[in-house]
Amino acid sequence: MMNNNQPQSRPNRGAHQPNPTRTYSQTRRPTRMSKAEIARRQFIAKCIIVVCMTLVLGGGVFLLFRSGLFSKSSSKKETTITTTAGTVVTTTSAAVESTTEPTTPPDDLTGYTVILDPGHGGWDRGTSYPYNSDQNEEPTITIRIANILADELRGRGATVYITRTEDNYYSLYYRIAEVHLICMDIAKERGILPFSAEREQELRGMLQKIKEVNDNSYDKGGMGFMAGTGVGADLKELFEMEYQLTDVVFMSIHINAHYDETTFEPVNHHGIEVTYVTDDAVNEYEGKPKNQTSGAPVRDPYHGRPNEHNLLYAQTLYDAIIADNPSLASNMDKPVYTANWAVIRKIGLVGTLLEFGFISHETDRAILIDDAKLQPVCSSVADGLEEYFKQIR
Ligand SMILES: [Zn+2]
């Protein structure tokens with residue numbers, strides 16, 4: 001490698017021109033140098049060589065990095081590198097590809113987080129088959145689905161949280177508080193917590209209090225600062241933190257049932273339903289939330305939620321599940337619809353409440369009571385999550 005640190009006027013080695021240094025040395029009588037002087041000069045010469053080599057190599061490495069050759073995001077087909085010696089090196093795209101790391105994220109769920117919420121538990125038995133029996137009960141089936149799904153998601157690289165792992169009662173607001181606390185932990189770890197340490201402790205205390213009360217009623221304080229319609233100032237702070245966590249999603253897991261009101265015999269509804277929330281919190285089957293008479297605050301709708309992501313998430317999950325499990329296609333008018341369930345209305349994450357089928361229907365029930373048949377359904381849910389994240393990035 002040439003060293004171009006020399007001045008431009010440096011004489012060509014081959015030219016017979018007077019060398020001023022040489023001329024000077026010839027005018028002096030050579031003197032014998034002491035061993036110490038020789039060693040000192042050798043040491044200085046070595047130092048100069050080391051400094052020069054460092055400058056040349058350091059400059060070369062700097063230019064290689066600037067050229068983008070080692071950059072993860074390099075998309076150049078051809079890279080031109082000018083070395084310190086003025087040498088121009090042109091690399092082909094093949095050479096760039098061989099030294100460049102993959103530019104696109106993996107297609108699996110590595111780096112993504114899913115919070116699963118198995119519905120009901122404890123004294124809250126949800127639905128069952130036969131009607132109002134202690135067989136094929138919703139709390140045990142939702143836990144089984146959550147566990148199979150969690151294994152599937154973790155196998156694809158996701159981080160999974162589960163709000164309930166035992167058959168105990170946890171109020172809706174307990175679960176919601178848990179989701180907010182998980183999100184605070186994630187935001188804190190990433191250094192993007194949008195409030196002071198003092199405010200963080202205050203919010204954590206309010207959420208812990210809701211968990212301690214563990215009751216859905218307004219009068220007992222189980223809703224805490226999340227009581228009422230719309231979004232209050234405290235909840236808005238948490239929402240805005242959660243809107244930043246686009247790689248974290250929420251899924252509440254439930255199963256359906258439909259019985260005739262007089263005979264308690266199953267009605268012919270079957271298939272999955274995937275619900276999502278919008279700012280107006282309108283339930284497409286039931287209309288707007290009812291006016292509350294409990295005394296809880298009534299607020300205007302808060303606009304800021306990523307509505308289009310919620311719809312995309314719900315629709316992508318539905319499409320993925322029925323693509324490989326056609327018997328779970330719904331015979332309802334609209335199986336993907338907006339709903340105002342508290343667990344998705346009171347969080348800022350993109351989320352869904354997913355009904356995994358009707359326990360009252362024979363075909364759906366055959367899947368819901370058999371782990372081996374639930375496995376491919378959970379695999380399809382994971383496919384849907386991969387597709388959702390691929391579409392929003
Ligand atoms: Zn349920």
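In what follows, a residue is called buried under 20% relative accessible area, exposed over 50%, and partly exposed in between, with a 1.4 Å probe and protein chains only. By that rule Tyr-131, at 41% relative accessibility, counts as partly exposed, and I shall return to this residue.

Good morning. The model before you is predicted: local features need pLDDT of at least 70, side-chain atom pairs count only at pLDDT 80 or more, and totals for chains, interfaces and linings use all residues. Residues are numbered from 1 along each chain as its sequence is written, and side-chain values use heavy atoms, with hydrogens and water left out.

I begin with the overall inventory. The protein contains eleven helices and eight strands; these are DSSP runs numbered from the N terminus, helices being H or I of at least four residues and strands E of at least two. Of the 393 residues, 42% are buried. With contact taken as heavy atoms within 4.5 Å, residues 24 or more positions apart account for 76% of the contacts that have a separation of 6 or more.

Next, the sheet. Two strands pair if DSSP finds at least two bridges between them. Six strands form an open sheet with mixed pairing, in the order E4-E3-E5-E8-E6-E7. Strand E4 (159-162) and strand E7 (336-338) stand at the edges with a single partner strand each, so one side of each is left without a neighbour in the sheet. On average, and ignoring direction, neighbouring strands of this sheet are turned by 25 degrees against each other. Axes here are lines fitted to C-alpha atoms, for helices over the stretch in contact, and angles run from 0 to 180 degrees between N-to-C directions.

Which residues of E5 lie on its two covered faces? Val-248, Phe-250, Ser-252, His-254 and Asn-256 are on one side, with Val-249, Met-251, Ile-253 and Ile-255 on the other, and all are buried. In a regular strand the side chains alternate between the two faces of the sheet. E5 runs parallel to E3, joined by six bridges, and pairs with E8 in the parallel sense over seven bridges. Ile-253 stands opposite Pro-118, and it also stands opposite Leu-354 in E8. Leu-354 is in turn the bridge partner of Val-274. That last pairing belongs to strands E6 (residues 273-276) and E8 (residues 350-358), which are antiparallel over three bridges.

Two helices lie across these strands. Helix H8 (residues 307-324) lies across E5, E6, E7 and E8, at about 30 degrees to E8.

I turn now to the metal. Which atoms coordinate the zinc ion? They are NE2 of His-120, OE of Glu-138 and ND1 of His-254, at 2.1 Å. Donors are N, O and S atoms within 2.8 Å of the metal (3.2 Å for Na, K and Ca); water is not among the atoms, so sites may look incomplete. Along the chain the donors follow the spacing H-x17-E-x115-H. His-120 lies in the loop between E3 and helix H4 (138-155), and His-254 in strand E5, so the pair ties together parts that are 134 residues apart in sequence. Both His-120 and His-254 are buried.

The aromatic residues come next. Rings of Phe, Tyr and Trp (its six-membered ring) pair if their centres lie within 6.5 Å; planes under 30 degrees apart count as stacked, over 60 as edge-to-face and the rest as tilted. The count by this rule is nine aromatic pairs. In one of them, Tyr-131 and Tyr-259 have ring centres 5.2 Å apart and planes at 70 degrees, so the pair is edge-to-face. Tyr-131 is in the loop between E3 and H4 and Tyr-259 in the loop between E5 and E6, so this pair ties together parts 128 residues apart in sequence. Tyr-259, with a relative accessible area of 12%, is buried. The rings of Tyr-170 and Tyr-174 have centres 4.7 Å apart and planes at 45 degrees, so that pair is tilted. Ring pairs also link Tyr-112, Tyr-313, Tyr-388 and Phe-389 into a cluster.

Is Arg-199 buried or exposed? At 16% relative accessibility, Arg-199 counts as buried. Beyond its neighbours within four places in sequence, Arg-199 is in contact with Asp-234 and Glu-237.
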